[in-house]
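Work through the exercises below with the structure at hand, and try each task before reading its solution.

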Amino acid sequence: MDSVVAASLARRFAREAGLSAASSAEVALVASELATNLIRHTPRGGTLEVWREDAWLVIRSTDRGPGMASPERLFAGREGRPGPLPGESLGEGGAAVRRLTDEVQVSNREGGGLEVVARKRMTFESRRFG
């Protein structure tokens, strides 16, 4: 899956679920980062899913790669640095996912691969009429 397509579909789903434009843009960035990780790091591919579960929007990435020795490091970012250097990616992938969501879990899958489950609390746009 192309990361641009993943971002667009995730943003549309989030908007249709009732998230604000700003929160929907964050969901799109999370989907893009997770899809990019699937493309770059898992030659056998993977799956990106987005759904609503009660008061949460859930974004899950699963792959068929080798997994990681310490999956929690995916969200560590580069400690002690305020941001990326010129030419580096915007959010350092996992660290951006952590910043833009309310809850993230990452684990190795039984039989191989990695699963990332990111949850964003549903915050609705208020509208004034009249």
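A residue counts as buried under 20% relative accessible area, as exposed over 50%, and as partly exposed in between (1.4 Å probe, protein chains only). The model is predicted, so local features need pLDDT of at least 70 and side-chain atom pairs count only at pLDDT 80 or more, while totals for chains, interfaces and linings use all residues. Residues are numbered from 1 along each chain as its sequence is written, and side-chain values use heavy atoms, with hydrogens and water left out.

**Exercise 1.** Find the partner with which glutamate 26 forms a salt bridge, and decide whether lysine 120 is buried or exposed.

*Solution.* A salt bridge requires a side-chain nitrogen of Lys or Arg within 4 Å of a carboxyl oxygen of Asp or Glu. Glutamate 26 meets this with lysine 120, their closest N and O atoms being 2.7 Å apart. Because glutamate 26 belongs to helix 2 and lysine 120 to strand 4, the pair ties together parts 94 residues apart in sequence; helices (H or I, at least four residues) and strands (E, at least two) are DSSP runs, numbered from the N terminus. Lysine 120 is buried, at 8% relative accessibility, whereas glutamate 26 is partly exposed at 28%.

**Exercise 2.** Describe how strand 1 and strand 2 pair, and name the residue opposite leucine 48.

*Solution.* Strands pair if DSSP finds at least two bridges between them; strand 1 (residues 46–53) and strand 2 have eight, in the antiparallel sense. Leucine 48 stands opposite serine 61 of strand 2. Across these two strands, glutamate 49 and arginine 60 also form a salt bridge, at 2.8 Å from N to O.
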